[in-house]
Structures are given as C-alpha cells and as structure tokens.
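Please look over the structure below. Some questions and answers about it come after.

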Amino acid sequence: MVTQITRGIKISVHTSFEGTYFKNYKIHFAFSYEITIENSSKDSVQLISRHWEIFDSLNELEIVDGEGVIGKKPVLKPGEKHTYSSGCLLSSPFGAMKGYFNMVNFTTTRNFRVIVPNFRLSAPFALN
C-alpha cells in the first residue's frame, strides 16, 4: 500500500492483480485498485474531478480525466473517509499509475489538488 497526504487529505492505494484474458486476439492483464480518501483537515471538502496517468510497459502513456470517481463526487467532513474500487487493463504484466484529485474546500471556497502517489501494477507471476 502507498499513501500520501496533501493539505490534510490522506490518499491510500492498495492494488491487486485480477488475472489475464483475451480480447480482440490479444492478451490483457487486469488490475484493480482500492483508494481511500481520508479528510484529516479541519474543513469539509468535495472531490470534483480526477486525472490519471497510466503507464503500461508495452504502450504509450494514457491520460484519463473525468468528473468525480466512479460516478460520485463525495463530500468529506473532517474525520470522514471515502473508499472506492476501480481497475484498469494493461497489455503487459507491468505498469503504474499516478494522478491527482481536484477538490474544493467549502470553508475557503478554493479549489486545490490532492496528489495520488505513484503506485505499481505488477502481476506476481512476472516478478523475480
């Protein structure tokens, strides 16, 4: 698990390899990740959007931007946390992701970024 704190917002990421399958005559490696967003600040905040950089060792960098996370824009009061799960497909057994969440602080009405630390995606059978 990797963690990082930005402006009192703690991000924790846990990853899992889910298996392989064939699609369009090509093998794909499926990974899931669980992200916990914990508000350790004194202000209520809301996640507005996300930005991902997905690295696949056999492909070019993929950038994904979108509103919220899995269709939600969670509001977190001080001390609250939000956990969600998602996943990605790679064309190789090795990769990584990193990014950030755009959030708004309800007390100051200011937008800010919360960094999601770089996390590895690796199939256990491919490791030394």
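This is a predicted model: local features need pLDDT of at least 70, side-chain atom pairs count only at pLDDT 80 or more; totals for chains, interfaces and linings use all residues.

Me: How many helices and strands does the protein have?
Reply: Helices (H or I, at least four residues) and strands (E, at least two) are DSSP runs, numbered from the N terminus. Read along the sequence, the pattern is β-β-β-β-β-β-β-β-β. The count is zero helices and nine strands.

Me: What percentage of the residues of the protein count as buried?
Reply: Buried means under 20% relative accessible area, exposed over 50%, and partly exposed in between (1.4 Å probe, protein chains only). The C-alpha atoms fill a box of roughly 50 × 25 × 20 Å along the principal axes. Of the 128 residues of the protein, the buried share is 42%.

Me: Which element gives the largest share of the lining of the largest pocket?
Reply: On a 1 Å grid over the protein atoms alone, a pocket is an open set of points where a 1.4 Å probe fits, with protein on both sides within 12 Å along at least five of seven lines; lining residues have an atom within 4 Å of a point. The largest pocket is lined by 16 residues, and Y33, R50, W52, S86 and G87 lie nearest its centre. Two or more lining residues come from each of β4 (45–56), β5 (62–67) and β7 (81–90). The largest share, five residues, comes from β7.

Me: Which residues make the nonpolar surface patch of about 250 Å²?
Reply: Patches are made of residues with over 30% relative accessible area and no salt bridge, and nonpolar side chains (Val, Leu, Ile, Met, Phe, Trp, Tyr) are joined within 5 Å. Accessible areas come from the Shrake-Rupley method with a 1.4 Å probe, and for residues only the protein chains shown count as cover. One member, L61, is in the loop between β4 and β5 and counts as partly exposed because its relative accessibility is 43%. The patch is made by F55, L61 and I63.

Me: How far apart are the closest N and O atoms of K73 and E67?
Reply: A salt bridge is a side-chain nitrogen of Lys or Arg within 4 Å of a carboxyl oxygen of Asp or Glu. K73 is partly exposed because its relative accessible area is 37%, whereas E67, at 59%, counts as exposed. The closest N and O atoms of their salt bridge are 2.9 Å apart.

Me: In the salt bridge of K42 with D43, which residue is buried?
Reply: The closest N and O atoms of K42 and D43 are 3.8 Å apart. K42 is exposed, with a relative accessible area of 72%. The residue at 11%, and therefore buried, is D43.

Me: Where does R7, with its positive phi, lie?
Reply: R7 is not a glycine, yet its phi is about 50 degrees. R7 is exposed because its relative accessible area is 61%. Its place is the loop between β1 (2–6) and β2 (9–23).

Me: How far apart in space are T109 and Y84?
Reply: T109 is in the loop between β8 (94–105) and β9 (111–122), and it is exposed at 64% relative accessible area. T109 and Y84 are 25 residues apart in sequence. In space, C-alpha to C-alpha, they are apart by 25 Å.

Definitions and conventions: Residues are numbered from 1 along each chain as its sequence is written. Side-chain values use heavy atoms; hydrogens and water are left out. Patches are made of residues with over 30% relative accessible area and no salt bridge: like charges are joined within 9 Å, nonpolar side chains (Val, Leu, Ile, Met, Phe, Trp, Tyr) within 5 Å.
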